Amino acid sequence: MVKIHFDEINSTNTYLKENYLILMDFTLVSALHQTSGKGRLGRIWVDDKKSALFSILVKDDIDIQSVCLMPLICATSLHKVLNKYLKKILIKWPNDLLFDSKKIAGILVESVIIENEVKALILGFGVNINNSSFASELEGIATSLYLETKFEHFIANITEEIANQFENDYHQFKTDSLNFVDYCNKYSFLKNQHITFEKDGIKSDGIALDMLSDGSLSVKTNIGTLSLQSGEITLSLKQN
Ligand code: BTN
């Protein structure tokens, strides 16, 4: 795996998106700090140089249907590695890892698709490692390995472990994609939880069931069982 590190960059995802043509398959780009870190749904990802911030480029021949499974593969690799440091981390479909209901890591999958062909996948990981506090709006909804274990960790080591795990998992995915869906369902945060979700501006609620083999989330509602695609969904636990 080719590795590139920046002390500061706009966004490791943006870097790979702009340079995918000249970079090798499985290039890893990491940064100490991002000036325009991106989250899902156009959100910004702010860091204080205490998180693992990295992206992996995949240029392997990949079919378009598999793109929606990529967050689950990334979540599996992240979970396997973080679980060595902290037990009871759960996977919240489609792109978060939570400890004690607080976000410890997020995944941003971007793709370059030209004429229905996947030219590149950019898999971005943001993992809260040594953060000792968060901005007031994240207070109570974000946590870090440091806050939960009381130990500081080497960001570069954890980055490398996750990247290696991802490379193995990706190759395994090519032969058995269902394995990952099963893994994510085993550690699913949402399973059997009452959730509210917003799709195309319409708010609904239901009970989250399993993640499915196409990467969607099955939800039981009062009009039947739906499957949610990750793209445009905002979702939260229903408050009683
Ligand atoms: C989310 O939780 O919404 C996804 C967050 C993904 C953040 C990572 S940090 C490294 C990579 N570069 C980015 O700009 N974003 C991802």
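## Basis of the report

A polar contact is a pair of N or O atoms within 3.5 Å; within protein, one atom must be able to donate a hydrogen and the other to accept it, and residues adjacent in sequence count only if both atoms are side-chain atoms. The model is predicted, so local features need pLDDT of at least 70 and side-chain atom pairs count only at pLDDT 80 or more, while totals for chains, interfaces and linings use all residues. Residues are numbered from 1 along each chain as its sequence is written, and side-chain values use heavy atoms, with hydrogens and water left out.

## Contacts of the ligand

In the side chain of Lys103, an N or O atom lies 2.4 Å from an oxygen atom of the ligand. The protein buries 98% of the 420 Å² that the ligand exposes when taken alone; these accessible areas come from the Shrake-Rupley method with a 1.4 Å probe, and for residues only the protein chains shown count as cover. Lys38 takes part through its backbone, where a polar atom is 2.7 Å from an oxygen atom of the ligand. Gln34 places a polar side-chain atom 2.9 Å from a nitrogen atom of the ligand.

## The shell and the pocket

How many residues surround the ligand? There are 21, and the closest are Ser11, Gln34, Lys38, Arg40 and Lys103; a residue is near a molecule or strand if one of its heavy atoms lies within 4 Å of it. By class, the shell comprises eleven polar, six nonpolar and four charged residues. Here Ala, Val, Leu, Ile, Met, Phe, Trp, Tyr, Cys and Pro count as nonpolar, Asp, Glu, Lys and Arg as charged, and the others, Gly among them, as polar.

At least two residues of the shell come from each of α1 (12-19), β3 (51-58), β6 (102-114) and β7 (117-128). The most are given by β6, with four residues. Helices (H or I, at least four residues) and strands (E, at least two) are DSSP runs, numbered from the N terminus.

The ligand sits in the largest pocket. On a 1 Å grid over the protein atoms alone, a pocket is an open set of points with protein on both sides within 12 Å along at least five of seven lines. A molecule sits in a pocket if more than half of its atoms lie within 2 Å of its grid points.

Ser51 belongs to strand β3 and is buried, because its relative accessibility is 3%; buried means under 20% relative accessible area, exposed over 50%, and partly exposed in between (1.4 Å probe, protein chains only). The side chain of Ser51 makes polar contacts with the side chain of Asn131 at 3.2 Å and with that of Asn128 at 3.5 Å.

Thr149 is placed in helix α3 (residues 145-149). Its relative accessibility is 16%, so Thr149 counts as buried. The side chain of Thr149 reaches the backbone oxygen of Leu145 at 2.7 Å.

## Backbone features

Which two residues are joined by a cis peptide bond? They are Trp93 and Pro94, with omega about 0°. Pro94 lies in the loop between β4 (89-92) and β5 (96-99).

Phe26 has a positive phi, near 65°, although this residue is not glycine. It lies in the loop between α1 and β2 (28-34), and Phe26 is buried, with a relative accessible area of 5%. Lys88, also a residue other than glycine, has phi near 70°. Lys88 is found in the loop between α2 (70-85) and β4, and it counts as exposed because its relative accessibility is 71%.

## Loop residues and distances along the chain

Asp63 lies in the loop between β3 and α2 and is partly exposed at 41% relative accessibility. Asp63 and Val118 are 55 residues apart in sequence, yet 6.7 Å apart in space, C-alpha to C-alpha.

Ser216 occupies the loop between β9 (202-211) and β10 (217-221) and is buried, with a relative accessible area of 0%. Its C-alpha atom is separated by 16 Å from that of Asp205, eleven residues apart along the chain. The C-alpha atoms of Ser216 and Ser230, 14 residues apart along the chain, are separated by 6.5 Å. Ser230 is in the loop between β11 (224-228) and β12 (234-237), and is partly exposed with a relative accessible area of 22%.

Technical notes. On a 1 Å grid over the protein atoms alone, a cavity is a set of points where a 1.4 Å probe fits but cannot get out, and a pocket is an open set with protein on both sides within 12 Å along at least five of seven lines; lining residues have an atom within 4 Å of a point.
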